[in-house]
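Here is a model to question.

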Amino acid sequence: MAYMITDECILCGACESECPNEAISEGDELYVIDPDRCTECVGFYDTQQCYDVCPVEAPVPDPDHSETPEELLAKFRRLHPDKEPNV
């Protein structure tokens with residue numbers, strides 16, 4: 001399941017630089033996560049880095065983009081064909 005950023009976002013930018021998939025960018029009113037690039041950090045970390053660094057817990061699972069761990073790993077492999085996943 002990709003993550004999304006709620007309107008709790010305070011535009012601090014802490015999450016953007018932590019995303020290993022470059023899925024986070026600044027939107028008009030808050031940061032946004034591209035669900036096509038979000039792997040929930042599968043392949044890189046055991047936890048979602050955007051959530052871990054967010055001071056207001058704005059990143060949450062996106063119910064509109066539900067994916068299994070296997071699908072997230074496949075997305076990681078598609079986005080990073082030259083990297084070995086950290087599993």
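The questions below take up labels and the values behind them.

This is a predicted model, in which local features need pLDDT of at least 70, side-chain atom pairs count only at pLDDT 80 or more, and totals for chains, interfaces and linings use all residues. Residues are numbered from 1 along each chain as its sequence is written, and side-chain values use heavy atoms, with hydrogens and water left out.

Q: Why is Met 1 called partly exposed?
A: Buried means under 20% relative accessible area, exposed means over 50%, and partly exposed is in between (1.4 Å probe, protein chains only). Met 1 has 23%, so the label is partly exposed.

Q: Where is Met 1, and what is Met 1 in contact with beyond its neighbours within four places in sequence?
A: Met 1 is in the segment before strand S1 (3–5). Strands (E, at least two residues) and helices (H or I, at least four) are DSSP runs, numbered from the N terminus. Contact means heavy atoms within 4.5 Å. By that rule the partners of Met 1 include Glu 40, His 65 and Leu 72. Pro 63 is also a partner; its C-alpha is 7.2 Å from that of Met 1, at 62 residues apart in sequence.

Q: What makes a set of residues a nonpolar core?
A: The members are buried Ala, Val, Leu, Ile, Met, Phe, Trp, Tyr and Cys residues, joined through side-chain atoms within 4.5 Å. The largest such core here has 15 residues, and Ile 5, Ile 24 and Ile 33 touch the most other members. S1 and strand S3 (31–33) each supply at least two residues of this core. Outside its sequence neighbours within four places, Ile 33 is in contact with residues including Ile 5, Ile 24 and Cys 50.

Q: How do you know that the buried residues of helix H3 are on the same side?
A: The buried residues of H3 (residues 69–79) are Leu 72, Leu 73, Lys 75 and Phe 76. They cover an arc of only 155° around the axis, so they are on the same side of H3. The arc is that of the directions from the helix axis to the C-beta atoms. Glu 70 and Arg 78 are exposed on the other side of H3.

Q: What makes a space a cavity, and how many does a search of the whole structure find?
A: On a 1 Å grid over the protein atoms alone, a cavity is a set of points where a 1.4 Å probe fits but cannot get out; lining residues have an atom within 4 Å of a point. Points are joined across faces, edges and corners, and a volume is the space filled by probe spheres set on them. The search finds two cavities of 30 Å³ or more.

Q: Is Thr 39 buried or exposed?
A: Thr 39 has a relative accessible area of 0%, so it counts as buried. Thr 39 lies in the loop between S3 and helix H2 (49–53).

Note on methods:
1 Å grid on protein atoms, 1.4 Å probe; cavity = no way out; pocket = protein on both sides within 12 Å on 5 of 7 lines; lining within 4 Å.
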